[in-house]
Amino acid sequence: YGKGMIFDGVGLEEVFSKIGCIEDCKIPDGVPINYGHRKMEETDIYFITNQSEDIQNVDIQFRVGDRQPEWWNPMNG
């Protein structure tokens, strides 16, 4: 429509695929993990949160590929 597109009756994954939008953070289906992402200058910050009481052992893929990740505990830094 005009300069944009209208999608109806499809999920976001299909929409993103059709417009060529690369996933920011890929978490396997069915894994109870959510994330938030923000960018500060040259730094990408991902907040990963397990939504279950169980320990999760999961391979998560990030769109950012040219940096070395660091693990930080949000409770004590």
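How exposed is Lys-26, in terms of relative accessibility? Lys-26 sits at 43% and counts as partly exposed; here buried means under 20% relative accessible area, exposed over 50%, and partly exposed in between, with a 1.4 Å probe and protein chains only.

Before I go on, two remarks on the source. This is a predicted model, in which local features need pLDDT of at least 70 and side-chain atom pairs count only at pLDDT 80 or more, while totals for chains, interfaces and linings use all residues. Residues are numbered from 1 along each chain as its sequence is written, and side-chain values use heavy atoms, with hydrogens and water left out.

Let me stay with the charged pairs. A search of the whole structure gives four salt bridges, a salt bridge being a side-chain nitrogen of Lys or Arg within 4 Å of a carboxyl oxygen of Asp or Glu. One of them joins the side chains of Lys-26 and Glu-23, at 3.9 Å from N to O. Glu-23 is also partly exposed, at 43%.

Another links Glu-14 and Lys-18, at 4.0 Å from N to O. These two are four residues apart in helix H1, so about one helical turn separates them. Helices (H or I, at least four residues) and strands (E, at least two) are DSSP runs, numbered from the N terminus. Glu-14 is partly exposed at 37%, and Lys-18 is exposed at 56%.

Lys-39 and Asp-44 also form a salt bridge through their side chains, at 3.3 Å from N to O. Lys-39 is exposed, with a relative accessible area of 53%, whereas Asp-44 is buried at 17%.

Next, the hairpin. Strand S2, residues 33-40, and strand S3, residues 43-50, pair in the antiparallel sense over eight bridges; pairing requires that DSSP finds at least two bridges between the strands. Two residues lie between S2 and S3, and Glu-41 in the turn has a positive phi of about 50 degrees. Across the strands, Gly-36 stands opposite Phe-47 in S3.

On to the aromatics. The whole structure has two aromatic pairs. Rings of Phe, Tyr and Trp (its six-membered ring) pair if their centres lie within 6.5 Å; planes under 30 degrees apart are stacked, over 60 edge-to-face, and the rest tilted. The ring centres of Tyr-35 and Tyr-46 are 6.4 Å apart with planes at 45 degrees, so this pair is tilted. Tyr-35 belongs to S2 and Tyr-46 to S3, so the pair ties together parts 11 residues apart in sequence. With Phe-62, Tyr-35 and Tyr-46 form one aromatic cluster.

What does Asp-24 touch, leaving out residues up to four places away in sequence? The partners are Tyr-35, His-37, Tyr-46, Gln-61, Phe-62 and Arg-63, where contact means heavy atoms within 4.5 Å. Asp-24 lies in the loop between helix H1 (12-19) and strand S1 (25-26) and is buried at 13%. Its side chain makes a polar contact with the side chain of His-37, at 2.7 Å. A polar contact is a pair of N or O atoms within 3.5 Å; within protein, one must be able to donate a hydrogen and the other to accept it, and residues adjacent in sequence count only if both atoms are side-chain atoms.

Last, the cysteines. The search of the whole structure finds zero disulfides, a disulfide being a pair of cysteine sulfur atoms within 2.5 Å. The sulfur of Cys-25 is 13 Å from the closest cysteine sulfur, in Cys-21, too far for a bond. Cys-25 is buried at 5%, and Cys-21 is partly exposed at 38%.
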